[in-house]
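Subject: Structure handover

Hello,

Below is the structure you are taking over. My notes on what was found in it follow.

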Amino acid sequence: MGEVQTFRGPVEASDLGVTLIHEHVFVGHPELDLNFPHPEWDEAAAVESAVAGLDRLFDLGVRTVVDLTVLGLGRDVARVSQVAARSRVQLVASTGYYTADVLPPYFHTHGPGLLIDRPDPLVEIFVADIEDGIAGTGVRAGMLKVVTDRAGFTPDVTRVMTAAAVAHQQTGVPITTHTHAPSQSGRDQLAFLGRHGVEPDRIIVGHCGDSEDLSYLRELADAGATLGMDRFGMEHVLDDESRVRTVLALLDLGYADRMVLSHDAAFFSRVTPPSWRAVHVPNWHMENLHRRIVPMLREGGAAEDDLHQMLVVNPARLLAPH
Ligand SMILES: [Zn+2]
């Protein structure tokens, strides 16, 4: 199938095993962290809790976790490398830019036709992250991530999407999107990326699990995209019972090969810190699938083959660059 880059080097896609394809190890904000450290953040303790959390995942059968923490979310690959070095779970790094509307001012002065007239640094960053490694760590990205949200295709969002499409064409690395489910933005993303040379079968439309609109979801899957049912436990957006019902309905319709399952959880996120999660979304952690959701899916009639397809086969197919 081909080799997938992980924090500890290349792995055959067929050896990835059970894969959580949309998670975060640590989400932060370097400038805020520097000037206004979060009271719940303690780097050494966070590394220990991530190592312990991944150990528990390994014991549940998880073998690979894709860290979709890209630029804009406080990506620190050197820090995550400390976790990866001590974990039996394989971690995959990613590249891309997380912005729902505007990029930092640097990008407004650097690029084609701008004050410092040069090729788009976004393309250079994405391709270098994938081909050479991230920030001198030697860790190569195995996934691209882009975002559209309520604001839709703003000029900067369009620029990020375009750069990701170029990087995809040069490297074959798949693209995961963040969508705003209420505005059904997956449709526009597929159309845009398609016009920029990205085949739908190389795209995971993220956060599809936030939607219960089967006609929208089927439209994306029928176009060839993979649906990210990737926020189990994020019950402040939609409860897990509803998320499970949607997956079961799509399985009944024969879409096992078009879905991947994950949580979009984090071992630490400054956006929704541990104390808040513990009170409001106690199931929002990376063990939720194996402890609660997979049993609910089985009870609802999901076949073992379907679970294997969504947790092993589909992630391997997507992550293998081509
Ligand atoms: Zn995410």
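Gly-300 counts as partly exposed because its relative accessibility is 44%; buried means under 20% relative accessible area, exposed means over 50%, and partly exposed lies in between (1.4 Å probe, protein chains only). Gly-300 sits in the loop between α11 (288-299) and α12 (304-319). Helices (H or I, at least four residues) and strands (E, at least two) are DSSP runs, numbered from the N terminus. Gly-300 and Glu-23 are 277 residues apart along the chain, and 25 Å separates their C-alpha atoms.

Before the rest, a note on the source: this is a predicted model, in which local features need pLDDT of at least 70 and side-chain atom pairs count only at pLDDT 80 or more, while totals for chains, interfaces and linings use all residues. Residues are numbered from 1 along each chain as its sequence is written, and side-chain values use heavy atoms, with hydrogens and water left out.

Chain as a whole

The chain has 12 helices and 13 strands. Its radius of gyration is 18 Å, close to the 20 Å that the globule rule gives for 322 residues, so the chain is as compact as a globular protein of that length. That radius is taken over C-alpha atoms, and the rule is 2.2 Å times the number of residues to the power 0.38. Of the 322 residues, 58% are buried. Among contacts with a separation of 6 or more, 76% are between residues 24 or more positions apart; contact means heavy atoms within 4.5 Å.

Zinc site

Three residues coordinate the zinc ion at 2.1 to 2.2 Å: His-22 (NE2), His-24 (NE2) and Asp-264 (OD). Donors are N, O and S atoms within 2.8 Å of the metal (3.2 Å for Na, K and Ca); water is not among the atoms, so sites may look incomplete. The donor residues follow the spacing H-x1-H-x239-D in sequence. Both His-22 and His-24 are buried.

Lys-145

Lys-145 is in strand β8 and counts as buried because its relative accessibility is 1%. An unreviewed UniProt entry annotates Lys-145 as "modified residue: N6-carboxylysine"; such annotations may be inferred rather than shown by experiment. Beyond its neighbours within four places in sequence, Lys-145 is in contact with residues including His-22, His-24, Thr-176 and His-178. Its side chain also reaches the backbone oxygen of Leu-68 at 3.2 Å.

Arg-231

Arg-231 is in the loop between β11 (226-229) and α9 (240-252). Its relative accessibility is 10%, so Arg-231 counts as buried. The side chain of Arg-231 makes a polar contact of 3.0 Å with that of Asp-264, and another of 3.3 Å with that of His-207. A polar contact is a pair of N or O atoms within 3.5 Å; within protein, one must be able to donate a hydrogen and the other to accept it, and residues adjacent in sequence count only if both atoms are side-chain atoms.

Helix α5

In α5 (residues 121-131), the buried residues include Leu-122, Phe-126 and Ile-130. The buried residues of this helix pack against β5 (90-96), α4 (106-109), β6 (110-111), β8 (141-147) and α6 (155-171). At the start of α5, a side-chain oxygen of Asp-120 comes within 2.9 Å of the backbone nitrogen of Leu-122. Just after the helix, Gly-133 has a positive phi of about 120 degrees.

Regards
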